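Look at the sequence and the structure shown here.

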Amino acid sequence: TDWDAGWFFALGAEYAWSADPTVRAGVAYEISPVPDSTRGPALPDNDRYWVSAGLSHQLLDWVTINLAYTHIFFEDGDVALPGALFATFEQSADSVALSATLDW
């Protein structure tokens with residue numbers, strides 16, 4: 001496959017109003033390694049924008065709960081297989097994460 005180099009650029013910040021909770025946010029831009037010429041229905045990948053937010057709350061002296069959400073906006077990707085398929089893929093993705101940090 002004739003793929004290009006993939007790139008990922010991100011910027012994030014963390015802020016604590018007081019000792020608890022801590023709030024986080026970030027944005028990112030990802031350049032897909034899949035060029036237009038090899039994009040197809042099996043791999044309709046394209047460049048994308050990420051938006052994320054999260055927070056941490058210290059539940060106990062030794063337990064911190066973390067919650068995060070990310071939404072990924074994919075740029076529309078056209079696929080053209082001459083005589084077979086002409087389509088535009090519209091995609092997005094959501095991710096929610098819940099974790100705990102234990103300090104022993």
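A strand (E, at least two residues) is a DSSP run, as is a helix (H or I, at least four residues), and both are numbered from the N terminus. The model is predicted, so local features need pLDDT of at least 70 and side-chain atom pairs count only at pLDDT 80 or more, while totals for chains, interfaces and linings use all residues. Residues are numbered from 1 along each chain as its sequence is written, and side-chain values use heavy atoms, with hydrogens and water left out.

Begin with strand E1, residues 7-16. Burial is judged by relative accessible area: buried means under 20%, exposed over 50%, and partly exposed in between, with a 1.4 Å probe and protein chains only. Of the 10 residues of E1, the number buried is zero, so the strand lies largely in the open. Two strands pair if DSSP finds at least two bridges between them. E1 pairs with strand E2, residues 22-31, in the antiparallel sense over 10 bridges. Five residues stand between E1 and E2, and the two strands form a hairpin. Within this pairing, Glu14 is opposite Arg24 of E2.

Val27 is located in strand E2. With a relative accessible area of 47%, Val27 is partly exposed. Which residues does Val27 contact, leaving aside its neighbours within four places in sequence? Contact means heavy atoms within 4.5 Å, and on that basis Val27 touches Phe9, Ala10, Leu11 and Trp50. Val51 is 24 residues from Val27 along the chain, yet their C-alpha atoms are separated by 4.7 Å.

Next come the aromatic rings. Rings of Phe, Tyr and Trp (its six-membered ring) pair if their centres lie within 6.5 Å; planes under 30 degrees apart count as stacked, over 60 as edge-to-face and the rest as tilted. The structure holds four aromatic pairs. In one of them, the ring centres of Phe8 and Trp50 are 5.5 Å apart and the planes are at 85°, so the pair is edge-to-face. Because Phe8 lies in strand E1 and Trp50 in strand E3 (residues 48-60), this pair ties together parts that are 42 residues apart in sequence. Phe8 is partly exposed at 45% relative accessibility, and Trp50 is partly exposed at 26%.

Another pair consists of Tyr29 and Tyr49, whose ring centres are 4.9 Å apart with planes at 45°, so this pair is tilted. Tyr29 in strand E2 and Tyr49 in strand E3 are 20 residues apart, and the pair links these distant parts of the chain. Tyr29 has a relative accessible area of 25% and is partly exposed; Tyr49, at 40%, is partly exposed.
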